[in-house]
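Have the viewer ready and the selection panel open. We will go from stop to stop, picking side chains as we go.

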Amino acid sequence: MVSHRMDAIWLNARLATMAHTGVPYGAVEDGALAVQGGRIAWVGARDDLPDKPEDFAETVHDCGGCWITPGLIDCHTHLIYGGNRAGEFEKRLEGVSYEEIARAGGGIRSTVEATRAASEDALFEAAQPILRSLMAEGVTTVEIKSGYGLDTENEAKMLRVARRLGSTLPIDVRTSFLGAHALPPEFEGRADDYIDAVCTEMLPSIASEGLADAVDAFCEGIGFSREQTRAVFEAAKAHGLPVKLHAEQLSNLRGAVLVAEYGGLSADHLEHLDDEGVAAMAGAGTVAVLLPGAYYFLRETNTPPVDKLRAAGVPIAIASDSNPGSSPAGSILLMVNMACTLFRLTPEEALAGITRNAGLALGIGERAGTLEVGKDADFVLWDIDEPAELAYRFGFNPCAGVVKGGQARPG
């Protein structure tokens with residue numbers, strides 16, 4: 001008999017641990033998972049339990065044959081914003097390009113105007129339905145970026161709302177400061193001056209308030225140059241914040257090489273990533289975050305070099321990129337299907353992309369993303385016959401329950 005009983009145990013389950021065990025999905029067929037103090041304390045085959053379940057744990061849960069995966073992680077979103085851009089969607093269908101809309105004052109700038117005009121309460125209320133939609137599909141951790149304020153006051157406002165969402169709802173929220181997202185109208189023609197403001201005013205203020213877990217930038221022809229991005233990264237480094245980057249989405253500015261140089265957590269989008277960028281990411285351990293929703297919505301044709309990323313051993317994550325302009329998504333499971341159908345990931349790779357590798361992309365891999373002893377007791381029960389169903393179906397949610405920190409999360 002064990003000397004100390006666990007808080008709870010889940011039995012009659014099949015586990016997709018997503019750990020590197022040499023078995024597809026890290027699967028355990030007749031598995032058991034025990035929780036103590038909000039963390040996973042035992043995981044393995046039921047036959048290997050050291051005691052009878054009722055003696056091993058205070059509470060015994062029968063999963064009815066469900067599959068259990070780690071809690072899902074959406075590692076790239078822009079969930080907080082004012083207004084929407086449905087009108088731009090219509091324009092793109094009429095043949096106007098994303099770049100043309102942006103250069104005409106639409107795109108990110110139109111969202112900036114609406115976000116600046118919105119109160120914190122209004123932004124909080126607007127973000128909740130989308131976040132709850134993700135949560136309903138098993139998301140237990142989400143990353144939320146700023147980037148629609150583009151001045152100190154409004155960037156901080158967005159990040160405060162993100163922190164508030166994490167303290168109000170049963171979900172972990174990681175925040176990224178994305179001041180270098182677009183050039184605000186008051187800095188028209190003065191991009192270097194704006195980057196100076198990001199580095200010397202905005203970022204120090206954000207860091208002093210503890211509002212950001214990482215720093216991001218948009219390195220692109222309609223965004224910022226490599227030199228300007230480097231300045232942002234230097235400022236982030238001075239404040240002890242890790243970096244990530246929107247890189248190689250519309251063109252190749254060698255942003256992936258740059259973020260790898262700084263040991264970046266991730267490079268995201270990557271439709272125009274080249275061999276040099278792949279090698280740099282592999283060497284630095286930088287995660288490739290693929291965003292099939294934006295690829296689909298913008299009707300892109302250049303796919304990320306998945307085969308080369310695989311061959312180089314670069315971890316591949318998947319995220320919703322939920323935002324008002326290029327990926328107005330509220331479904332992480334749809335992104336899994338898109339990653340398979342559009343980018344030709346395998347179902348196992350896609351599931352790893354929203355669990356294990358998404359955790360690495362946020363710098364929290366030591367506590368999230370797999371079902372292993374010592375990690376947070378965040379996991380999802382699925383009414384499915386095999387894990388591949390999570391990628392196979394779309395417009396369908398087989399989530400049968402979510403456990404957050406060892407407690408059932410209200411549905």
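For the opening stop, one cut-off is needed: a disulfide is a pair of cysteine sulfur atoms within 2.5 Å. Bear in mind throughout that this is a predicted model.

**Cysteines**

Select cysteine 66 and cysteine 63. How far is the sulfur of cysteine 66 from the closest cysteine sulfur? The distance is 6.5 Å, to cysteine 63, so the two are too far apart for a bond. Switch to a surface view and cysteine 66 counts as buried, because its relative accessibility is 12%.

**Aromatic pairs**

Next, turn to the rings. How many aromatic pairs does a search of the whole structure find? There are 8, and here are some to visit.

Select tryptophan 10 and phenylalanine 379. Their ring centres are 5.0 Å apart and their planes meet at 85°, so this pair is edge-to-face. Colour by secondary structure: tryptophan 10 belongs to strand β1 (residues 6–16) and phenylalanine 379 to strand β14 (residues 379–382), so the pair ties together parts 369 residues apart in sequence.

Move on to phenylalanine 89 and phenylalanine 297. This aromatic pair is stacked, with 4.9 Å from centre to centre and 15° between the planes. Here helices supply the partners: phenylalanine 89 sits in helix α2 (residues 86–93) and phenylalanine 297 in helix α11 (residues 292–297), which puts the linked parts of the chain 208 residues apart. At 34% relative accessibility, phenylalanine 89 is partly exposed, whereas phenylalanine 297, at 19%, counts as buried.

Then select Phe187, Tyr194 and Phe224 together, and you will see a cluster linked by ring pairs.

**Charges over rings**

For the last stops, show arginine 164 with phenylalanine 124. The charged end of arginine 164 is placed over the ring of phenylalanine 124, at 3.9 Å from the ring centre. Finish with arginine 393 and phenylalanine 396: arginine 393 lies over the face of phenylalanine 396, 5.1 Å from the centre of the ring.

Methods:
Residues are numbered from 1 along each chain as its sequence is written. This is a predicted model: local features need pLDDT of at least 70, side-chain atom pairs count only at pLDDT 80 or more; totals for chains, interfaces and linings use all residues. Side-chain values use heavy atoms; hydrogens and water are left out. Buried means under 20% relative accessible area, exposed over 50%, partly exposed in between (1.4 Å probe, protein chains only). Rings of Phe, Tyr and Trp (its six-membered ring) pair if their centres lie within 6.5 Å; planes under 30 degrees apart count as stacked, over 60 as edge-to-face and the rest as tilted. Helices (H or I, at least four residues) and strands (E, at least two) are DSSP runs, numbered from the N terminus. A charge sits over a ring if NZ of Lys or CZ of Arg is within 6 Å of the ring centre and within 35 degrees of the ring normal.
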